Amino acid sequence: MHSQKEKKRDADKRASGRAKPIREVVEKIQPKVRPADSEKLIRKIQKQLKKKDKEEIIEGALKTFYEAEELKPYQVELLKLQRHMENTNKKMVVLFDGRDASGKGGTIRRITRYLNEKRYRTVALGKPSEQQKTELHIKRYIEHFPRAGEIVLFDRSWYNRALVEPVMGFCTEDQYKRFMKKVVTYEHNFLDDAGRTILIKLYFSVSKREQKRRFDRRKNDPLRQWKLSEVDLQAQELWDNFTEKKFQLLKRTHTEKSPWWVIRSDNKHLARRETMKLILSIVPYKGRSRDLDLNPDPHVVIPGDKELRRMKKQRRKHGRFVE
């Protein structure tokens with residue numbers, strides 16, 4: 001039986017990435033002046049590694065390897081799904097929304113890793129131009145909608161107006177209200193095309209503690225600093241504001257025809273695997289594996305209406321949301 005302390009330590013290790021044990025060990029023992037030859041450096045470090053260090057590195061490497069292997073059967077199924085979309089001339093739109101550093105981008109990369117690049121696109125729009133600000137908010141997203149047989153994944157969607165924009169003051173209260181009033185109608189309109197368009201709405205949900213850890217890593221890693229945005233720097237301070245907007249999002253834009261799915265994403269690997277299973281379970285396609293379990297884990301993938309009931313219960317009990 002593991003103690004709570006051991007469980008927390010294991011969870012931290014899973015969340016912090018498999019490269020961390022290797023990085024920590026190497027930083028302790030590598031010479032200040034590194035040899036130009038990396039093979040010589042590796043041999044030098046190997047000689048200094050203690051047994052415990054070696055075990056941690058091996059464990060980290062094996063975890064990384066087997067987690068990647070675990071995704072491959074689902075990535076094969078995603079290829080079958082992509083072929084099905086092409087053969088039937090259907091279109092798929094997948095929205096990835098949620099808090100910053102909640103794992104949206106990493107999940108998109110794992111989903112698209114082996115897909116045919118000619119038949120999918122990832123769309124991540126920047127700030128609207130002055131002209132776009134005068135147009136219908138959703139127009140610039142519709143311009144990127146899929147053609148027949150194509151899949152488009154939006155890394156943040158038109159729901160920016162329901163989440164980030166009102167919290168950060170990037171839109172007026174009136175613009176927010178009008179969007180919330182009309183967005184479901186917009187969606188139902190473009191879904192009324194004889195079942196040819198499929199819309200999947202995903203909200204990635206990360207805990208406050210884990211979000212802070214990921215922001216700290218971005219601050220301290222020069223390869224990740226570019227990810228830190230103006231919104232990131234205020235996300236922790238405005239946590240409750242974002243939670244309120246999540247509540248309103250689920251309350252007003254989760255419908256039977258265009259439902260939300262909340263993905264618990266503190267554990268990145270589980271979030272990626274279960275998102276793949278969710279997408280594969282929603283769309284029937286030819287050649288689906290009968291041996292592979294495509295039922296998403298109910299602890300990781302939560303229907304939007306169920307999450308909404310949980311949030312309402314929290315507010316009744318505590319007088320506030322507990323995220």
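View 1. L62 counts as partly exposed because its relative accessibility is 44%, a value between the limits of 20% for buried and 50% for exposed. The model shown here, as in every view below, is predicted. L62 lies in helix α4, which spans residues 51-88. On the surface, L62 forms a nonpolar patch together with I58, F65 and Y66. The accessible area of these four residues together is about 430 Å².

**View 2. The open sheet of 6 strands.** The strand order is β2-β3-β1-β4-β5-β6, and the pairing is mixed. At the edges stand β2 (120-123) and β6 (301-303), each of which pairs on one side only. Direction ignored, neighbouring strands of this sheet are turned against each other by 20 degrees on average. Strands of a sheet pair through backbone hydrogen bonds, in either the parallel or the antiparallel sense.

View 3. Strand β1 covers residues 91-98 and strand β4 covers residues 197-205. The two run parallel and are joined by 8 bridges. Within this pair, M92 is opposite I198 of β4. Helix α5 (residues 104-112) packs on the sheet, where it touches β1, β2, β3 (151-155) and β4. The direction of α5 makes about 155 degrees with that of β1.

**View 4. The two covered faces of β4.** Strand β4 is mostly covered, with 9 of its 9 residues buried. In a regular strand, side chains alternate between the two faces of the sheet. On one side of β4 are T197, L199, K201, Y203 and S205.

View 5. Strand β5 (residues 260-264) pairs with β4 in the parallel sense, over 5 bridges. Here L202 stands opposite W261 of β5, and Y203 stands opposite V262 of β5. Between β5 and β6 the sense is antiparallel, with 3 bridges. I263 is opposite V301 of β6.

View 6. Most residues other than glycine have a negative phi. A101 is not a glycine, yet its phi is positive, about 60 degrees. The residue sits in the loop between β1 and α5. With a relative accessible area of 8%, A101 is buried, because buried means under 20%.

View 7. R156 is not a glycine either, and its phi is positive at about 80 degrees. R156 is found in the loop between β3 and α8 (164-168). The relative accessibility of R156 is 14%, so this residue counts as buried.

Note on methods. Residues are numbered from 1 along each chain as its sequence is written. This is a predicted model: local features need pLDDT of at least 70, side-chain atom pairs count only at pLDDT 80 or more; totals for chains, interfaces and linings use all residues. Side-chain values use heavy atoms; hydrogens and water are left out. Two strands pair if DSSP finds at least two bridges between them. Helices (H or I, at least four residues) and strands (E, at least two) are DSSP runs, numbered from the N terminus. Axes are lines fitted to C-alpha atoms, for helices over the stretch in contact, and angles run from 0 to 180 degrees between N-to-C directions. Contact means heavy atoms within 4.5 Å. Patches are made of residues with over 30% relative accessible area and no salt bridge: like charges are joined within 9 Å, nonpolar side chains (Val, Leu, Ile, Met, Phe, Trp, Tyr) within 5 Å. Accessible areas come from the Shrake-Rupley method with a 1.4 Å probe; for residues, only the protein chains shown count as cover. A salt bridge is a side-chain nitrogen of Lys or Arg within 4 Å of a carboxyl oxygen of Asp or Glu. Buried means under 20% relative accessible area, exposed over 50%, partly exposed in between (1.4 Å probe, protein chains only).
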